[in-house]
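Hello,

Here is the structure I promised to send over. Please open it first, then read my notes below.

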Amino acid sequence: MRIGPPAARVGRQVPLAGAGPARPALAGRLRARGLSDPLLAWLFIGPTILLLLAINIFPLLWTIWLSFTNYRANRPNETVEWVGLRNYQRILTSEDIWHTLQVTAHFVCWSIFFQVVIGLGLALLINRQFKGSGFWTTLILLPMMLSPAVVGTFWTYLFQPQAGIFNYIVNFFIGAGDFTMIGDVRLAPWAIVLVDTWMWAPYVMLICLAGLRSIPDYIYEAAEVDRAGPVRTFFSITLPMVLPFLMLAVLFRAIENFKMFDLVVELTSGGPGSTTEVASINLKREAFEKWRTGFSSAFAIILFVTVFGAANIYVKLLNRVKAR
Amino acid sequence: MSPDTARSVVEPGATAKLLAAVLVAAYALVALIPIVWIVLTSFKTPSAAIAYPPSVLFSPSLEGYVNVFTQRTRQTPEYMASLPPPETWYDALVRSRNMVIAGPSRFAERYWNSIIIGFGSTFLAVFLGTLAAYAFSRFRVPLKDDLLFFILSTRMMPPIAVAIPIFLMYRTLGLSDTHLGMILLYTAVNLSLSVWLLKGFMDEIPREYEEAALVDGYSRFQAFLKVVLPQAVTGIAATAIFCLIFAWNEYAFALLLTSGNAQTAPPFIPTIIGEGGLDWPAVAAGTTMFLVPILVFTVLLRRHLLRGITFGAVRK
């Protein structure tokens, strides 16, 4: 049951507040009883802001401070020295860090590429609205709701060289006996792309589907009148109309994949060697295994600034596309 | 759809539809293999789980589920022979592998932690989020857009980067490895989602309803409580499920900030693998029990999924 104005009016016994102004003027500057609006606003927003200040902003400021020191969290009693920009200098000249950023870039770019191709493809197919499309859509969406760490764990089982069903299927088709996906230096970076794509192509699909459904029918009918072929229709109507949605999906995926940790840690833990050591795994090693807290704080800040900056530029671009 | 549009470009032909249906179904079936396979594996025996070629037909066993809940020790045949007959079916199952049950494993505890931390943080995030979302939706708040963007930007930090100072802060405050610490942390992470989603839902509730209530002498707070909240119930429920799923699935913070006491299931499941790294059925059983609630929630949520995964940026 909807509780609208009639139901609210049951509380008539309460006298009308500020009975002065005539009805039409009420909507804009109605004086309510009880707490004033600005006070209530701050009471309502305050706790959220306080919690975020305590658990996000304060730690961020602390990280910035730590990034200029040589602090090590496993030796809390040692005197902390201010080292200026030395941590940043070390990071920008470290080959390890450049390697880890290259691994991350490979992972982010290729996984997004495949997710866009598969996601958009599936969305176009589902948009044909065949019988049962809702059922199949729900099934397709399941992987993206699962815990990435647990997904990583069970994919290591599927990738087992001896017993894994993935390897069995590959061997069945190519006939090679000792195929391995996550143990191979060349294939491991593709293994993480594969699993991430399996998990998140449905995400791109769902957002593209919303885009496709937002295109009004009459545009296609006009194209039909103009005798535009299917290819032309796709490139001059469908794609431009879906583009803002697709770009939004890419934004969210890019931020998430740039931060990626859980899936890759459980799948390959960065190996073999450091071929799949994405930025977050490297950061975890520096911060919680080597305990170079100052150094890793500087790296964390660099990563955050990169994501934040890139996201801001991208959103500007997205708004320009939307406005077109 | 009216019959006269049936042959236009908007409505695809029967062949096109059939082709689309076949391709989509094929993708769905292939994509579901990993999930189905892990559920099947949870009912295999350890030796069947590492058989080559992988077996699709096998006699089901509950060994994985017994193993995930128990700790077992291997015994000599003489000792086994000296034992009284097994009291329960799971005793018998374990003894058939020349082992005895030494005690419960920590899986149940970890699962329970996931439930406490998941529900605790969801409640807090939705409670705070509802209040903030209402204020952002209805009141003139100075710097509103900046505040909203600030709330969203807290999601852009890599979890490991947040974990460094949180680790130090919690160590000082004595919150390391406690339920309260994890609940507060997950609440803070989920607040961005909950504020943004709920603001979207609140924006859709017509203001006239509250204004009518105000005219009738309700205070602003009463109007919020008695008029707006009942209208927002669906949105609040959907938001709560999204927060719960995030907290349930979270791994990085749990791995770095908890160990013995407040550890949740995700960092624990990979460690189930056991002696020789071969007990895949136990891992599969733990995984299955962990995933089933999520699969149920996904089906329940399917109409709100789009909103949830885009922080309310895309609505149907």
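**The contact between the chains**

In this predicted model, the contact draws on 92 residues from chain A and 96 residues from chain B. On the chain A side, helix α3 (residues 37–66) gives the largest share, with 14 residues. What classes of residue does chain A bring to chain B? The side of chain A that touches chain B holds 65 nonpolar, 15 polar and 12 charged residues.

**One helix pair across the contact**

Helix α3 of chain A packs against helix α9 (residues 179–203) of chain B. Their axes lie 10 Å apart, and the angle is about 125°. The crossing of α3(A) past α9(B) is left-handed.

Which residues make this contact? From α3(A) they are A:Thr48, A:Leu51, A:Leu52, A:Ile55 and A:Asn56. From α9(B) they are B:Leu184, B:Leu185, B:Thr187, B:Ala188, B:Leu191 and B:Val195. By class, eight are nonpolar and three are polar. No charged residue takes part in this helix contact.

For the complex, the predictor gives an ipTM of 0.86 and a pTM of 0.86.

Chain A has an average pLDDT of 84, and 89% of its residues score at least 70. Where in chain A is confidence lowest, and where highest? The lowest is helix α1 (residues 5–8) of chain A, with a mean of 33. The highest is helix α5 (residues 95–126) of chain A, at 95. Please take care with residues 1–29 of chain A, where the pLDDT is below 50. The model still gives that stretch 32 contacts beyond near neighbours in sequence.

Chain B has a mean pLDDT of 86, with 96% of its residues at 70 or more. Among its elements, helix α16 (residues 305–309) of chain B has the lowest mean, 80. Helix α6 (residues 107–138) of chain B has the highest, 94. Residues 1–8 of chain B stay under 50, and the model has seven contacts for them beyond four places in sequence.

Where pLDDT is low, the predicted coordinates should not be read in detail.

Best wishes

How values were computed:
Residues are numbered from 1 along each chain as its sequence is written. Chains are lettered from A and ligands numbered from 1 in the order in which they are written. This is a predicted model: local features need pLDDT of at least 70, side-chain atom pairs count only at pLDDT 80 or more; totals for chains, interfaces and linings use all residues. pLDDT is the predictor's confidence in each residue, from 0 to 100. Helices (H or I, at least four residues) and strands (E, at least two) are DSSP runs, numbered from the N terminus. Two residues are in contact if their C-beta atoms, placed from the backbone, lie within 7 Å. Ala, Val, Leu, Ile, Met, Phe, Trp, Tyr, Cys and Pro count as nonpolar, Asp, Glu, Lys and Arg as charged, and the others, Gly among them, as polar. Axes are lines fitted to C-alpha atoms, for helices over the stretch in contact, and angles run from 0 to 180 degrees between N-to-C directions. A crossing is left-handed if the near helix is turned anticlockwise from the far one by less than a right angle, and right-handed if clockwise.
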